[in-house]
Structures are given as C-alpha cells and as structure tokens.
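Please open the model in your viewer and keep the selection panel at hand.

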Amino acid sequence: MIKKIDVNSDEFIAELEKTQKFTKKVCENFNLVFNPDDEINESVTFGLARNKMIYGKRFCPCFMAEEVDGKFKSTDDRICPCKPAIEKEIPQEGKCHCGIFCTPEYAKANAIEIEAAMKIIAAQQEVWDWK
C-alpha cells in the first residue's frame with residue numbers, strides 16, 4: 001500500500017523545500033535552467049517531493065513506480081535527474097521528459113511563446129469584457 005502524504009504537514013513542506021534546493025542544484029551542475037512555465041516547475045517539484053516521501057527516492061513523477069522484490073523501482077529506473085534526460089532528451093529536445101529542466105535556448109524560445117499566448121488571452125478577455 002502506498003503511504004498517504006499530508007501536503008500541508010511540516011514533514012512534506014520540509015521535503016518540498018529540500019527538493020526545490022535539489023532542483024536548483026541540478027540546474028547549476030548541468031548548466032540548465034527551469035522551464036519558463038512555472039506550473040510545470042511547481043507540479044514536477046511537488047511530485048518529486050511526494051515520491052521522495054513515499055518511495056525514499058526522487059523518482060520522476062511522470063513515470064510509474066512499482067514494488068519489485070520488496071523494493072520500489074520506477075519505469076526505466078528514472079531517478080531525478082535521470083540518465084535518459086541528461087544523455088538524450090535535453091541534448092536532442094532541449095528539455096527533459098517532465099519539462100522542468102531545459103537548455104537556456106529552449107527556455108528562451110518557450111518564454112517568448114508563453115508571452116505571446118498570454119497577450120492573446122488578455123486580448124480575448126478584453127473583447128469578452130467589452131461585450
């Protein structure tokens with residue numbers, strides 16, 4: 001049975017803070033940056049902290065973890081920062097599968113797209129407010 005986590009507990013909040021420091025360190029060590037989409041960063045960090053509390057490891061939250069011979073293991077053994085992300089996904093796609101870690105170039109290009117989308121949404125809201 002999976003351990004239940006109270007996300008408002010002092011224990012979870014402390015683990016979340018450790019995970020935030022961990023992800024910053026990953027960016028520094030691999031010359032990466034966070035995704036310009038804060039929702040992605042928040043949800044992945046939250047999932048990493050949750051998995052650390054449940055399984056004892058920061059398994060990638062985008063992949064299933066299962067118990068094998070009394071030990072937890074994730075699909076493709078994806079422990080953050082995972083080998084497929086560092087060796088293949090980030091160099092080829094500019095970001096890891098989860099999207100939290102990006103190359104500076106990828107982040108810059110996507111920040112421009114996000115900004116343009118936000119302008120379109122704001123303009124649409126103005127039109128709807130006008131009617």
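Select Cys 80, Cys 82, Cys 96, Cys 98 and Phe 101, which lie nearest the centre of the largest cavity among its 18 lining residues. The model is predicted, so that local features need pLDDT of at least 70 and side-chain atom pairs pLDDT 80 or more, whereas totals for chains, interfaces and linings use all residues. Residues are numbered from 1 along each chain as its sequence is written, and side-chain values use heavy atoms, without hydrogens and water. A cavity is a set of points on a 1 Å grid over the protein atoms alone where a 1.4 Å probe fits but cannot get out, and lining residues have an atom within 4 Å of a point. This cavity has a volume of about 110 Å³, and helix H3 (83-93) gives the most to its lining, with 4 residues.

Next, select Leu 16, Gln 20, Thr 23, Lys 24, Phe 34, Asn 41, Glu 42, Thr 45, Phe 46 and Ile 100, the lining of the largest pocket (an open set with protein on both sides within 12 Å along at least five of seven lines). About 170 Å³ of space lies in this pocket, and the elements that give two or more residues to its lining are H1 and H2.

Finally, show helix H1 (residues 10-30) with helix H2 (residues 38-55), whose axes come within 9 Å and cross at roughly 120 degrees. In contact here (heavy atoms within 4.5 Å) are, among others, Phe 12 and Leu 16 of H1 and Phe 46 and Met 53 of H2.

Key
Axes fitted to C-alpha atoms, helices over the stretch in contact; angles between N-to-C directions. Points joined across faces, edges and corners; volume = space filled by probe spheres on them.
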